[in-house]
Amino acid sequence: MAQAAATKVGDAAPGLELPDTEGRVHTLPMPGEASATVVVWTCNHCPYALAWHDRLVQVARDYAPRGVRFLAVNSNDAERYPRDSLGAMRERVDSEDWPFPYLHDESQQAARAWAAQVTPHVYVLDGDRRVRYEGAPDADHMDPERNADWLRDALDDLLSGRQPRRAETEPVGCSIKWK
Amino acid sequence: MTHESPKVELLWWQGCPSWEQALEILREEMRVVGIDPASVEVREVRTDEEAGRWGFVGSPTIRISGRDVQPPDGEPAGLTCRVYRLRDGRVSPLPDRAELRKTLANAIQGGGE
């Protein structure tokens, strides 16, 4: 499958239909769509994704009461990167108590449709599934004090009915591992 | 008493963006301990076959006198990104700078670890 054009701010996000680590299928859109949805491409083996993970978890916990839906997607080729296998994903979710589903994009079709580039790669969608923020969680994967502030700002703006003050940043991380 | 400078190598793979920063840090620390920063051998790893042949377990890999600055814990060779643990426990795509300096200094003294 060819890589689609990059999913950019203002675009309607492609749909998703992917199983989580327990086999439950999650879709985008879903009936009664959330006021905002965060979709983040991540994985198990990338130091950037790991360094930002706790901050993303905290964003999910902090914004769930405000109706924000959060989905994490792993599209890496598990044959060449066994740490990104479904089994390894499941182990991680079980041992770390994730507050959001960890979706397995085995065919990589979702990553290609979204043209996701790296892990982590964050998208924030509005209630109409339009992309309102795209990029990194914050400016420095090594500084937990940053607190995923770019993502939080985007959500705060969106939930207040404004366009995010910073709609696009450069995603930083490991390349998605294509088959 | 003079000492021969240790061999310093940095192996990298294009799939991880941290290698240039790692090289910058490595050269800074080499300068600090008195090793010519231009002497670092930088090698790109392009294929799984090369990764296997060179025992490359992720980018960036730094070896001083042939010894990995954070010896891998059973990770298989392959084209992947290296996960380092800093002294404070944080995960990082870069090695701990203080550990790097210590390893370089020890290598100059011929003491290894």
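Begin the tour by selecting B:Ser65, which counts as partly exposed because 17 C-beta neighbours lie inside 10 Å; a residue is called buried if 20 or more other C-beta atoms lie within 10 Å of its own, exposed if 12 or fewer, and partly exposed in between, with C-beta atoms placed from the backbone. The model is predicted: local features need pLDDT of at least 70, side-chain atom pairs count only at pLDDT 80 or more, and totals for chains, interfaces and linings use all residues. Residues are numbered from 1 along each chain as its sequence is written, while chains are lettered from A and ligands numbered from 1 in the order in which they are written.

**Chain B, around β3**

B:Ser65 sits in the loop between β3 and β4 (67–68) of chain B. Helices (H or I, at least four residues) and strands (E, at least two) are DSSP runs, numbered from the N terminus. Phi of B:Ser65 is near 50°, a positive value in a residue other than glycine.

Next, select B:Ser59 and B:Pro60, whose connecting peptide bond is cis, with omega near -5°. B:Pro60 belongs to the loop between α2 (48–54) and β3 (61–64) of chain B.

**Chain A, two loops**

Move to A:Thr119 and A:Pro120, which are joined by a cis peptide bond with omega of about 0°. The loop between β6 (118–119) and β7 (121–126) of chain A holds A:Pro120.

Then select A:Asn147, in the loop between β8 (131–135) and α4 of chain A. This residue, which is not glycine, has a positive phi, near 60°. A:Asn147 counts as partly exposed because it has 15 C-beta neighbours inside 10 Å.

**Helix α4 of chain A**

Proceed to A:Leu151 in helix α4 (residues 149–159) of chain A. Is A:Leu151 buried or exposed? It counts as buried, because 27 C-beta neighbours lie inside 10 Å. Apart from neighbours within four places in sequence, A:Leu151 is in contact (C-beta atoms, placed from the backbone, within 7 Å) with A:Val59, A:Val122, A:Val124 and A:Pro137.

**Where the chains meet**

Finally, display the contact between the chains, which takes 11 residues from chain A and 12 residues from chain B. On the side of chain A that touches chain B, α1 (47–63) and β9 (174–175) each supply at least two residues. Helix α1(A) gives the most to that side, with four residues. The residues of this side of chain A divide into nine nonpolar, two polar and no charged. Here Ala, Val, Leu, Ile, Met, Phe, Trp, Tyr, Cys and Pro count as nonpolar, Asp, Glu, Lys and Arg as charged, and the others, Gly among them, as polar.

Definitions and conventions. Two residues are in contact if their C-beta atoms, placed from the backbone, lie within 7 Å.
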